[in-house]
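User: Could you walk me through parts of this structure, one question at a time?

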Amino acid sequence: MKNLTRLILLAAVAAILAACGGTQTQPEPADPEPVQRDRPPVEANPLPPIDDHTKKENLNREGSLLTRRIIYFDFDQSRVKPEYQDVLNAHATYLGANAGARVTLEGHADERGTREYNLGLGERRGNTVSDLVDAQGASASQLSVVSYGEERPASNCSDESCWGSNRRVEIIYTREQ
Amino acid sequence: MKRWLMAWLLAVGTAAVADDEVVIVIDQAGEAAVPIAVVPFAWSSSTAVRETDVSQVVTNDLSRSGQFRTLPLEDIIERPTRVADVNYGTWRRLNVDYIVLGEVTGDAVIGYLVRMDLLNVTTGDSLLSLEFRSRAGGLRYTAHHIADTVYEALLDVPGFFRTRLAYVTKARKGDKDEYSLMVADADGFEPRAAVRSSEPLLSPAWSPDASMLAYVSFEQGNSSIYTQELASGQRQLVASYKGINGAPSFSPDGSRLALALSRSGNLEIYVMELASRRTTKLTNHFGIDTEPAWGPEGRYIYFTSDRGGRPQIYRVEARTGAQPERVTRDGEYNARASMAPDNSQMVLVHGNDNSYKIALLDLDNNLLRTISDGPLDESPSFAPNGRMVLYASQRTVSGRRQGVLSAVPIYGAASAGQTAHQLIFAEGDIREPAWSPLRQVNN
């Protein structure tokens, strides 16, 4: 899929170059077609498809899976739910294509249970995400895990909706390329 | 219920003085409490301004311990300051078993002399007749000393009124959080910041001589462990490995630190020899192993592990890590054990998914009993004499949750008090309490 996208892009670029080359060797038409001249630059240098997760342009682009940076967990669990598979896949693809990119995975827990055990739980969540991203194409050297346990809640209240938002791994890009 | 609103005294020292206020709420003492009257001491000093109400401090100490029921000041009609003036019948009619009386002489320049007597009202016997010398500014400490002496004379165990508490506060300063590792007297007075940070601080642990704290700080982004000498403020970074550096705990002889590290890729218990910084790995399991606590004799290390699925307390041999053995059997969540000084029981966090309470586990018969109401109680530790348990809990004030410290009296292996008292700070959250060992006399 990735390679196919690349081929299509290459073909498009080649076609544009060929067209330009043609205008150099042939006499200029007396009445050039305005359509070609006014071709908007966005088409000459188009944004990659939104699902091309190798591209930096898509890293912070609205609608891209790469902008989804938080994975939520069930209580006392570190298993990644299937609904996050695509998101992790996208980040793995990006990291695989951008060897200079670096990610910190911040693991968090809700306030229930002891602080030190929750540090362990946050790390275990971070490690689970790290292993999945690694297995899908990133390299281990691009990933680091830090656990904050229950010390940095996303929201501060005391019911399940709030606890659910605190049990998370945050994907933080420390270097984008 | 009695309430005291106490303003901080000015503390002398290198560390910053907190400008907070603390409210101490004491519930009524239980049935087992000893009835006692502390008669207001005479202030016979040539220094006109009374620096400390000595008898009031003694009353508060005894009352807060949960082991004594003190006669309210308004019921103390006769106020003898010498044994010869005591009318025993009056005190018998007031249903007290003991009275304390005394007098402060001397002055702020040459120092104070505090004379005190402890009398058995029933027999008329004199149990204690002592004099305490105190420099200016030291009367509060002397009052704690007197309370310790009364406590030990009547209960036959040392008191804990001259010990200290370490705890962490979290307050909002502008748009940032400020975490402070605080050290205060056992009654909450003279709190001083040992460390302040905009990043989380947690898990303070005392050295056995009460001169140092070990703690976890996130100031470098990741968790790391520091030790800090309290008198000088000097601190050392002792563990800053990749991964978690957590849960420090001094060995009973002070030479080693048990800690939880994940530098191997998984969280395990280690012991570090402090002089050489050499570490020995004690556990080796894919589960989470953390929260090591030494048995008082230093032979075993108790720790939390979820190797069986959910967190439970296990123990290993402290030298070698040999023979891991599960200790807790009751309930789905048991964590963060802390041993009683006499090794007969441990205190821990006992919970299910929605409620976490403090529980005592009797190690002889394996009986577990909760001693707090939850729902989010944690970080329990024993007073150094084993007669009180201090822990962190939460209360809701006008819809806002606030972390507070609570303490509950322990009346021996089999029973604990029904009610706890609370140390509540006016601003911010208070959490992660740790009770110091008995302190070296430094007055």
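User: What is the strand order of the open sheet of four strands in chain B?

Analyst: Happy to start there! This is a predicted model, in which local features need pLDDT of at least 70, side-chain atom pairs count only at pLDDT 80 or more, and totals for chains, interfaces and linings use all residues. Residues are numbered from 1 along each chain as its sequence is written, and chains are lettered from A and ligands numbered from 1 in the order in which they are written. The pairing is antiparallel (strands pair if DSSP finds at least two bridges between them), and the order is β12-β13-β14-β15.

User: Is B:Arg431 buried or exposed?

Analyst: B:Arg431 lies in strand β32 (residues 429-435) of chain B. Not counting residues up to four places away in sequence, it touches B:Tyr167, B:Val168, B:Ser379, B:Ala392 and B:Gly403, where a contact means C-beta atoms, placed from the backbone, within 7 Å. A residue is buried with 20 or more other C-beta atoms within 10 Å of its own, exposed with 12 or fewer, and partly exposed in between. Because B:Arg431 has 22 other C-beta atoms within 10 Å, this residue is buried.

User: How far apart in space are B:Arg431 and B:Ser203?

Analyst: In sequence, 228 residues separate B:Arg431 from B:Ser203. In space, their C-alpha to C-alpha distance is 9.5 Å.

User: How are α1(B) and α3(B) oriented to each other?

Analyst: Helix α1 (residues 54-64) and helix α3 (residues 139-155) of chain B pack at about 45°, with axes 8 Å apart. Axes are lines fitted to C-alpha atoms, for helices over the stretch in contact, and angles run from 0 to 180 degrees between N-to-C directions. Under 35 degrees counts as roughly parallel, over 145 as roughly antiparallel, 65 to 115 as roughly perpendicular, and the rest as oblique. The two helices α1(B) and α3(B) are therefore oblique.

User: What percentage of the residues in chain B are buried?

Analyst: Chain B has three helices and 32 strands. Out of its 443 residues, the buried share is 49%.

Methods. Two residues are in contact if their C-beta atoms, placed from the backbone, lie within 7 Å.
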